[in-house]
Amino acid sequence: MTLETVLTEIAQCRACADELSHEPRPVVRVRRETRLLICGQAPGRLVHETGLPFNDPSGDRLRGWLGVDRETFYGHPAIGVAAMAFCFPGTNPKGGDFPPPSRCAELWRPLLLSHLPRVELTLLVGSYAQAWALKAQRKANMTETVRAWRDYLPAMLPLPHPSWRNTAWLKRNPWFEAEVTPYLRQRVEQILRP
């Protein structure tokens with residue numbers, strides 16, 4: 001099976017169709033050349049509508065952390081995005097989006113990752129991605145996991161979600177932008193260098 005075949009099967013996946021209030025639209029963007037893999041939780045409403053991962057204010061903040069512009073983010077073959085769930089899980093009436101259904105990661109992540117042998121750095125964006133990838137190695141909560149970022153290098157880097165909802169978290173944790181962001185930009189620059 002090739003990566004192209006896996007991506008075609010993902011695009012046709014309807015495993016969660018009965019649980020969604022909308023038509024599934026899997027959003028994943030990887031290539032054989034992917035060296036930087038961004039793993040968030042699930043597409044939001046804007047991403048669902050456009051089919052472009054991180055095509056929202058969260059993406060703007062994430063690109064700022066990476067030190068890349070939109071053109072590079074979407075056009076450079078070394079950058080890939082594959083969230084824990086590929087479809088928008090819907091809006092929770094209590095606020096925010098529903099969590100990513102675990103079925104998606106169980107069905108697709110091992111197969112997809114096996115077809116991405118060039119990945120050098122995986123960004124674990126938010127607690128769902130951190131829980132899946134780090135398992136027992138993660139700390140008591142997302143803040144402590146991100147604070148221990150050096151423990152997971154060089155292959156993985158835990159990050160908070162870049163959502164506007166985390167603006168207060170960023171203000172309470174200035175060490176993130178003082179320590180983690182410069183390291184991240186340096187690694188991204190190395191990965192994208194020809």
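A: In this predicted model, the largest cavity contains about 130 Å³ of space. The structure holds one cavity of 30 Å³ or more. Its lining consists of 16 residues, and those nearest the centre of the cavity are Cys13, Ala15, Cys16, Cys87 and Cys104. Sorted by class, the lining has 15 nonpolar residues, one charged residue and no polar residues. Among the elements, helix 5 gives the most to this lining, with three residues.

Helix 5 spans residues 102-114 and also packs against helix 1, which spans residues 3-11. A pair of packed helices is described by the angle between the axes and by the distance between them. For helix 1 and helix 5 the angle is about 160 degrees, and the axes lie 10 Å apart. An angle over 145 degrees counts as roughly antiparallel, so helix 1 is roughly antiparallel to helix 5. The crossing of these two helices is left-handed.

On the side of helix 1, the contact is made by Leu3, Val6, Leu7, Glu9 and Ile10. Helix 5 contributes Trp108, Leu111 and Leu112 to the contact. By class, the contact of helix 1 with helix 5 comprises seven nonpolar residues and one charged residue, with no polar residues. The charged class takes in Glu, so Glu9 of helix 1 is the charged residue in this contact.

To return to the cavity, its lining likewise has no polar residues and one charged residue, and helix 5 takes part both in that lining and in the contact with helix 1.

Definitions and conventions. Residues numbered from 1 in each chain as written. Predicted model: local features only at pLDDT ≥ 70, side-chain atom pairs only at ≥ 80, totals over all residues. Heavy atoms only, no water. Axes fitted to C-alpha atoms, helices over the stretch in contact; angles between N-to-C directions. Helix = DSSP H or I, 4+ residues; strand = E, 2+ residues; numbered from the N terminus. Parallel < 35°, antiparallel > 145°, perpendicular 65-115°, else oblique. Left-handed = near helix turned anticlockwise from the far one by under 90°. Contact = heavy atoms within 4.5 Å. 1 Å grid on protein atoms, 1.4 Å probe; cavity = no way out; pocket = protein on both sides within 12 Å on 5 of 7 lines; lining within 4 Å. Points joined across faces, edges and corners; volume = space filled by probe spheres on them.
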